[in-house]
Amino acid sequence: MLTIHQPKAGSASQTIRALLLIAQVLFFAAGASAQNLPDVTAMSVEDLMNVQVTSVSKRSQKLADAAAAIFVITQEDIRRSGATSIPEALRMVPGLQVARIDENKWAITSRGFNGRFANKLLVLIDGRSVYTPLFSGVYWNIQDVMLEDVDRIEVIRGPGATLWGANAVNGVINIITKPAQSTQSALAAAGGGTETLGSGSVRYGGRVNKSTYYRAYAKYFNVAESIDPSTGRSAYDNWDAVRGGFRTDWTPAGADSLTLQGDIHRSGYGETLNVPSLDAPYASTFPNKGSLSGGNLLGRWNHAFANSSTSLQMYYDQTNITEDSLFTDHEHIFDIDFQHTFHASGSQEVVWGLGYRSSHDANDSSFTVSLQPSQLTLNLFSAFAQDEISLLDKRLRITVGSKFEHNGFTGFEVEPNTRLLWTITRNQSVWTAVSRAVRTPALTEEGLRLNSATIPPGTPQNPTPFPTLLSVFGSRQFKSEDLLAYEAGYRMQVTSNFSADIAVFYNHYTHLRSAEPGTPFVETSPTPVHIVAPFVAENKMGGGTYGTELFADWRVLPKWRLLSSYSYLQMDIRKDLSSLDPSADNPGLVSPRHQFYVRSSIDLPKHFEHDLDVRYTDRLPGVNIPSYYSVDTRFGWRPRGGPEFSVGSQNLLNRRHLEFLPDFINTSPTEVKRTFYGSVTWRFE
Amino acid sequence: MRPLRLLITIAIVISLSFGFEAQAQDSSVSSEYLIKAGFIYNFANLVQWPSNTFAQPNSPIVIGILGEDPFGTILDRVLEGKKVNGRVFLVKRLKSALDLKECHIVFVSSSEMAHLAEAIHLVKGMPILTIGEIPGFAKRGGIINLVLEDNKVHFEVNVEAAKEADLNISSRLLALARIVQEPAADGRKTE
């Protein structure tokens, strides 16, 4: 925690006095009594410069300022959660539903509509969208960062379309890594356990000169396969990944700062796959493999003028996805974004921006999954402007703005919002917002054919002599899904030890995706001759969802912190009268109505620490998953000057439970089981 | 059954952990601002204001906090009863940029990032020590910028800006500082 350099001058007694003071500061940092604030005025500038400080949480700062339901996961939150992946770190966010399908697949959403291919959440890593145009969602098994280098993860529940554009419908997740000057030490970490068999990561940070800093990292992990609950045998859902990257930050003279960063990654995973076939027994189940690789390079230039600032960002991102027996896809994305912030007058701050994105997709099909056309380039043009007006001595802030986009599938889209934040007192604020967001069609919704099952001939459902394929089709007529969202929230800092936050929302959706049965037809290729019963993507669902999310942060004692949250979600999504979609109303049945979360973080004597996470997830009737509690616990030891040790267990109480089921692609789900892990982290100054 | 087991687990963990710590205390502030308060005291000590700045030999040194106050009560408590050259400290939370002129030291909080040029312009040429914690603060005309690097507080000094403000910064302080300059032309043309 603390490094004391050799004092340059001064008598022994001065040195001792300085050491005592430093010890006091550290004691204070660990939560010592407020009455005995250490006398920092007796410390010299040299002494002060040598004290390691705990940085103030960005949470409170952000919270006070945003007219949106925002939650910030800090680096300390990540460290103390024992999370080894982004999805695990997201489990603490109120209102998010994070569910594991198997060891390498996740279903994550905000405010409903969950699934492996959930499509209403936008995720960015250092300003780079990691959302795939393939299904308008996120491949969570591709996204990873060096968790130790994460500065914070900002999660906005509710639409963020005015700033971030189409597809920021139900939420936005911003993963933000530290600038290179904040990661100037070397770090090595190694861990292992019953689930993640082994993991290792190294990072080195250095500086070229006074204004140029860099870091580079590499990491690897290997996750064990688990048991298929339906067979009792291996589900072959192992996963291993290797990843490396760098970041440089250069602040030449003046008001410029430049960032260049990039990553490359490669991983392999397994699964148990079930696909239909046209010959008896009309389906087969087998161990399957997939591989993922790619890389990205991002540059950003910020420039501050006297009364305004600009930012120019460009990136290139390439992703290669191969799921054996199903699909191969190569995505190339180029994105350029410009933003300008200025003060129109003393009370008005205007932000506007322009963006262009080109995405190129090339794919290879299989009998089960095919996508037309096999090559496609899409262009997206966007512009936005937003004005924040401060009134009443900045206690009332009104934000109005809109995004304007043009995409290759649906043409122009407009996504306006208006937000109001009223700071009632220094410790209390309320906000409210009305916004429109759209989810534009994904490649699959326009050109997919997915053969999901075969009904054997001569059965009650299919009395014909031909096998009948149930197939899902995309459609060129598929339109954008629309959301009109009404939100409000209240925040209070009751005492310096207790803060709370409440958000409520009502979302009204129209033109949600439905699967409408089409006219069956006969297909002769591939043989044998078979009937196809098509289900075509249309926009014949809609309805409302409403809910609330509560969050409280209570420092019970200086060394004991309790975080707790509760979220409630009610969905009333129905088919339009003209819809013939055979599936049930209410995709809400795959989102829990109630969720709660409590984390206790305790600093024990002798640099030990203890964390306990308790989560409750209500049942998911749509996938027949009962409610469950999950308890994670962690013990850490951070001896001064030595490495940091951590041991823990996830899902300590129940032996195992399912969290979710796959959709569209029929892979075997596996249960989350009780696991144990240990890790050690060295930091070298 | 399950919730019960859960409650018992929690109860055991809590009781184990708290055998040793029973007093209720306030303050959950980070040590970052405690250290920054120490810096501010030292700066007051190592910077010389022009002789006519203070009305009387015992006039207080007025510190204004511009923007959201990150210190809570820390700064007040650290400086309480402390004197520099016979002057006590007076900490004010500034309601508007116009109150800047009554201060000897102005701490510009990071919440003022967007209004920086305005604030710097207002105090330009006056004997006011501006202290910021915003990237580029000193380069944009602020006098001292506190910078977090590897969780340690460092500081940058814009010597030109200090000269313009007629403030004399001790060489002892400058020796520890990172000296920065404003860019030549652009970025300085206000309005």
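Visitor: Where is Asp482(A) placed?
Guide: Asp482(A) sits in strand β24 of chain A, residues 481-495. Strands are DSSP runs of E with at least two residues, numbered from the N terminus. This is a predicted model, in which local features need pLDDT of at least 70, side-chain atom pairs count only at pLDDT 80 or more, and totals for chains, interfaces and linings use all residues. Residues are numbered from 1 along each chain as its sequence is written, while chains are lettered from A and ligands numbered from 1 in the order in which they are written.

Visitor: Is Asp482(A) buried, exposed or partly exposed, and why?
Guide: Asp482(A) is partly exposed, because 19 other C-beta atoms lie within 10 Å. Buried takes 20 or more within 10 Å, exposed 12 or fewer, and partly exposed is in between, with C-beta atoms placed from the backbone.

Visitor: What does Asp482(A) touch, leaving out residues up to four places away in sequence?
Guide: Val438(A), Tyr509(A), Thr510(A) and His511(A). Contact means C-beta atoms, placed from the backbone, within 7 Å.

Visitor: And how far is Val169(A) from Asp482(A) in space?
Guide: 8.6 Å, C-alpha to C-alpha, although 313 residues separate the two in sequence.

Visitor: Other topic. How is chain A divided?
Guide: Into domain 1 (12-49) and domain 2 (58-684), with bounds from an automatic or database domain assignment. Taken over C-alpha atoms, the domain centres are 43 Å apart.

Visitor: What are the spans of the C-alpha trace of chain A?
Guide: About 100 × 60 × 45 Å along the principal axes.

Visitor: How much of chain A is buried?
Guide: 45% of its 685 residues.

Notes
Helix = DSSP H or I, 4+ residues; strand = E, 2+ residues; numbered from the N terminus. Contact = placed C-beta atoms within 7 Å.
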